[in-house]
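Colleague: I would like to learn how to read pockets, cavities and helix packing in a model. Could you take me through them one at a time?

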Amino acid sequence: MDLKIWIKRHFNVDSKIEWNCPNCKSNSLKIIKEDFKSEETAESKEFRSKNDDWEVEWIKLTFNGKLLCKNCDENIFFVGTGNPEHNGYYDYELDEHNEEYVEHFTPTFFQPTINVFEIPEKCPNSIKNEIIDSFKLFWSDLSSCANKIRISLEVLLNEEKVKRFENSGGKRKSISLHRRIQLFSNIEVRDFLLAIKWIGNTGSHIGEIETIDILETYQLLEFSLNKLYNNEEKEIKKITKEIIKRKGTRKRNK
């Protein structure tokens, strides 16, 4: 997962799109300019008409458009917001300074969903679905995104058969997520899940989550899922264990 691709959330119609295709996972998306439409919002028009000191940068836009994958022909529809940004530059050929405004846009929703990282194929669907739901929220509501990631941990622990209840004073009592993570037998992954949980908790406090916080959490989650559900890594560990045990070449089935 390349953080610099995701930390930059805005684009213009001439931008090179670096998000991966949700179907073939390739970095082959392009904006279909003829299908891209933006309009000034009614609120923005009203504000402009009532303020004599109005400036261009205050315009608020909405957009809808389409991305096409050049590799598999998948169509991805997306919507969002935008505004003009001032761009001053010097034209050396004409020997003059030029001023222009370029419309920049920020997506709020994709259909189908753009995946921020690739989820292992063997990851159970119950976990996968929660993570994909968090990807949807990544573009529009970071606090809700963090909470959804936290929920994915609960589902992960359920799939890994970590107990959910204990008896206390003769009564059945739910075990907290923090305690369940501490009970998880996979020591290698345990600390990563705990760190993810803390970010999920922070998501309950509005304004305290930033894009980089979510992206770092996704890094931890991606690493944890690969440790748990990446068959290639498990096979490497199995081979290593057998070689060490036999102190030489391992036994193979003929």
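Colleague: What classes of residue make up the lining of the second largest pocket?

Modeller: This is a predicted model, and a lining can be read by sorting its residues into classes. For the second largest pocket, the lining has four nonpolar, two polar and four charged residues. The residues themselves are K4, I5, K8, H10, F11, S15, K16, I17, E18 and W19, and the space in this pocket comes to about 160 Å³.

Colleague: What is the volume of the largest pocket, and which residues are closest to its centre?

Modeller: The largest pocket has a volume of about 190 Å³. It is lined by 14 residues, of which N20, N115, V116, F117 and E118 are the closest to the centre. Sorted by class, the lining of the largest pocket consists of seven nonpolar, two polar and five charged residues.

Colleague: How many cavities of 30 Å³ or more are there, and which residues line the largest cavity?

Modeller: A cavity differs from a pocket in that a probe fits inside a cavity but cannot get out, whereas a pocket is open. The count here is one cavity of 30 Å³ or more, and the volume of the largest cavity is about 30 Å³. Its lining is formed by F109, F110, T113, I114, F135, K136 and W139. The elements that contribute two or more residues to this lining are β5, which spans 96–111, and α3. By class, the lining of the largest cavity has five nonpolar residues, one polar residue and one charged residue.

Colleague: Let us turn to helices. At what angle do the axes of α3 and α4 cross, and which residues meet there?

Modeller: For a pair of helices, one reads the angle and the distance between the axes together, and then turns to the residues in contact. Helix α3 covers residues 125–138 and helix α4 covers residues 142–159, and their axes come within 8 Å and cross at roughly 175°. Because angles over 145 degrees count as roughly antiparallel, α3 is roughly antiparallel to α4. On the α3 side, the residues that meet α4 are S126, I127, E130, I131, D133, S134, L137 and F138, while α4 brings L142, S144, C145, K148, I149, I151, S152, V155, L156 and E159. The contact of α3 with α4 has ten nonpolar, four polar and four charged residues.

Colleague: How are α4 and α6 placed relative to each other?

Modeller: The axes of α4 and α6 are 7 Å apart, and the helices pack at an angle of about 140°, so α4 and α6 are oblique to each other. The crossing of α4 with α6 is left-handed. A146, N147, I149, R150, L153, L156 and L157 of α4 make the contact with L193, I196, K197, I199, G200 and N201 of α6. The residues of this contact divide into eight nonpolar, three polar and two charged.

Colleague: Which residues of α6 and α7 meet, and what is the handedness of the crossing?

Modeller: Helix α6, residues 187–202, packs with helix α7, residues 211–229, at an angle of about 150°, and the axes lie 9 Å apart. That angle makes α6 roughly antiparallel to α7, and the crossing of α6 and α7 is left-handed. From α6, the residues in contact are E188, V189, F192, L193, A195, I196 and I199, and from α7 they are D213, T217, L220, L221, F223, S224, K227 and L228. By class, the contact of α6 with α7 has ten nonpolar, two polar and three charged residues.

Technical notes
Residues numbered from 1 in each chain as written. Predicted model: local features only at pLDDT ≥ 70, side-chain atom pairs only at ≥ 80, totals over all residues. Heavy atoms only, no water. Axes fitted to C-alpha atoms, helices over the stretch in contact; angles between N-to-C directions. Helix = DSSP H or I, 4+ residues; strand = E, 2+ residues; numbered from the N terminus. Parallel < 35°, antiparallel > 145°, perpendicular 65-115°, else oblique. Contact = heavy atoms within 4.5 Å. Nonpolar A, V, L, I, M, F, W, Y, C, P; charged D, E, K, R; others polar. 1 Å grid on protein atoms, 1.4 Å probe; cavity = no way out; pocket = protein on both sides within 12 Å on 5 of 7 lines; lining within 4 Å. Points joined across faces, edges and corners; volume = space filled by probe spheres on them. Left-handed = near helix turned anticlockwise from the far one by under 90°.
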